[in-house]
Amino acid sequence: MGVNSYSDEYSSTIPPASLFKALILDSHNLIPKLMPLAIQSIEISGDGGASTIRQINFAEGSQVKFIKNRVDELDEKNFWFKYSLIEGDGMMDKLEKITNEVKFESTTDGGSINKMTSTYYTKDDFVLIEEEIKAGKEKALAMYKVVEA
């Protein structure tokens, strides 16, 4: 099994508490309403904390039908969230899981910086291709920008 990690930062004029609530705590309600052509629904199994499963069902016609994320850790006070993609269409035949850590921090101008680290756990000797990682980042950033707006 191979392990590869990638980090990114995004800045926003929105305070961290607001972004955290929209992108993490209320995402199952908000995202399908904001992105109905991409996300059909988000189903929650659990209380929202550690071990909760979030199934994201993509809109009809999408290459990917669904993915399942498991909440690993959730710190509402410090705006920190860790979750793992554990099941779904697409690359899951080549990956054990993808773990994401997201942290929202305040900036001096009242906005925030979103720091995200993704760790890919590949099966066997599979090698990740940069274009696949870039495509995933672009989709995540697009959702981030829609929610921010």
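Predicted model: local features only at pLDDT ≥ 70, side-chain atom pairs only at ≥ 80, totals over all residues.
Colleague: Why does Ile67 count as buried?

Modeller: Ile67 has a relative accessibility of 17%. Buried means under 20% relative accessible area, exposed over 50%, and partly exposed in between, with a 1.4 Å probe and protein chains only. Ile67 is therefore buried. This residue lies in strand E4, strands being DSSP runs of E with at least two residues and helices runs of H or I with at least four, numbered from the N terminus.

Colleague: What makes Ser51 exposed or buried?

Modeller: The relative accessible area of Ser51 is 57%, so Ser51 is exposed. Ser51 lies in the loop between E2 and strand E3 (53-58). Its phi is positive, about 80°, although Ser51 is not a glycine.

Colleague: And how is Phe79 classed, and why?

Modeller: Phe79 has 21% relative accessibility and therefore counts as partly exposed. Phe79 also has a positive phi, of about 55°, without being a glycine. Its place is the loop between E4 and E5.

Colleague: How many aromatic pairs are there?

Modeller: The count comes to four. Rings of Phe, Tyr and Trp (its six-membered ring) pair if their centres lie within 6.5 Å; planes under 30 degrees apart are stacked, over 60 edge-to-face and the rest tilted.

Colleague: Why is the pair of Phe20 and Phe104 called edge-to-face?

Modeller: The ring centres of Phe20 and Phe104 are 5.8 Å apart and the planes stand at 80°, so the pair is edge-to-face. Phe20 in helix H1 (residues 16-25) and Phe104 in strand E6 (residues 95-106) are 84 residues apart, so by the DSSP runs the pair links distant parts of the chain. Both Phe20 and Phe104 are buried. With Phe79 they form one aromatic cluster.

Colleague: What makes Phe81 and Tyr83 a stacked pair?

Modeller: Their centres are 5.1 Å apart and their planes meet at 25°, so the pair is stacked. Phe81 and Tyr83 are both buried.

Colleague: Which residues touch the most other members of the largest nonpolar core?

Modeller: Leu23 and Phe104 do, in a core of 26 residues. Such a core joins buried Ala, Val, Leu, Ile, Met, Phe, Trp, Tyr and Cys through side-chain atoms within 4.5 Å. The largest share, five residues, comes from H1.

Colleague: How large is the largest pocket, and which residues are closest to its centre?

Modeller: The volume is about 1400 Å³, taken as the space filled by probe spheres set on grid points joined across faces, edges and corners. Of the 48 lining residues, the closest to the centre are Ile67, Tyr83, Gly136, Lys139 and Ala140. A pocket is an open set of points on a 1 Å grid over the protein atoms alone, where a 1.4 Å probe fits, with protein on both sides within 12 Å along at least five of seven lines; lining residues have an atom within 4 Å of a point. Helix H3 (residues 130-148) gives the largest share of the lining, eleven residues.

Notes. Residues numbered from 1 in each chain as written. Heavy atoms only, no water.
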